[in-house]
Amino acid sequence: MTRVERGGKMPNIHPRGDRRGFDNSFIKKAAFTLPEVLITIGVIGIVAAMTIPTLITKYQEKVIVTKFQQVFAILTEAYKLAENDLGENFRKSFDYKSGATGPDDFWNAYKPYLNASLDCKDNPDACFGVAKKVWGVGNYYTMLDSDEKGSLVKSKRAVILKNGVTVGFGGVGNSQTAHLYIVVDINGRNKPNRYGVDTFFFAVSDTSQNKIMPEGLYLDNLNQVYWGYGLDKGCNLKSSNQARSCAAWIFLNKNMDYLHCDLDWKTQTKCN
């Protein structure tokens, strides 16, 4: 009489891990239906469509802020090198005088210290892009809040740095003094070519301890905003001042939140 006939159990003759010797009917196998899978994919797609553009925008703005800081350091270092070679007060010697060419002379003295990869003196179009042609003349960059033209940016006083940033130079003033400024286009000729988005302004001072500074800040204190032409008037979507002071906002707050929300311009440093 065999062991089975005596009421014993058949031994498991299969190798360990082989389920052929067991009854698996009690195991419930779970699975998603096709409609459930499609609904899940749809929800994931909706969430991605809502969040990915925001993440991309934030990343792009972070790149601009980082490049802005790099350019500011390059401009400042170039000025210090020029001072070492040409004298501490070399900037003042280029102010407007009767018949003088102050901006041109200053630019020609300052430019070599930028160590640029391209000088656009013979071809301004190589440095500046076109946001909007007006009357078929010149390269106009658009203002922050609209497609209206900003100031004429096209200039022979411009170079492209080794990191691809366009640096231009200009000056306005009278027979006694001059306001010299630097304009930078963070991504060169590439769009959007818009003030406060990829194009920013710096002032060149002859009296301040801070020789190169973002426009919109006090001359002698880079932690204070010059309200006469500061953030509330110069980096506001509702402003008519062409966003020339957005460089001050980025310098102080390390973001571009002025593009995304209404700010009080005095206590807020970012969108809530």
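**Disulfide exercises**

The structure holds three disulfides, a disulfide being a pair of cysteine sulfur atoms within 2.5 Å. This is a predicted model, in which local features need pLDDT of at least 70, side-chain atom pairs count only at pLDDT 80 or more, and totals for chains, interfaces and linings use all residues. Residues are numbered from 1 along each chain as its sequence is written, and side-chain values use heavy atoms, with hydrogens and water left out.

**Exercise 1.** Describe the link of C120 and C127.

Step 1. The S to S distance between C120 and C127 is 1.9 Å.
Step 2. The angle about the S-S bond is 80°, and the link of C120 and C127 is right-handed.
Step 3. Both C120 and C127 are buried (under 20% relative accessible area; exposed is over 50%, partly exposed in between, with a 1.4 Å probe and protein chains only).

**Exercise 2.** Characterise the disulfide that joins C235 to C246.

Step 1. For C235 and C246, S to S is 2.2 Å.
Step 2. Their link is right-handed, with 100° about the S-S bond.
Step 3. C235 has a relative accessible area of 0% and is therefore buried.
Step 4. C246 is buried because its relative accessible area is 0%.

**Exercise 3.** Determine the handedness of the link of C261 and C271.

Step 1. The sulfur atoms of C261 and C271 lie 2.1 Å apart, and the two form a disulfide.
Step 2. With -100° about the S-S bond, C261 and C271 have a left-handed link.

**Exercise 4.** What pattern do the disulfides of the chain follow?

Step 1. Count the bonded cysteines along the chain.
Step 2. The pattern is 1-2, 3-4, 5-6.
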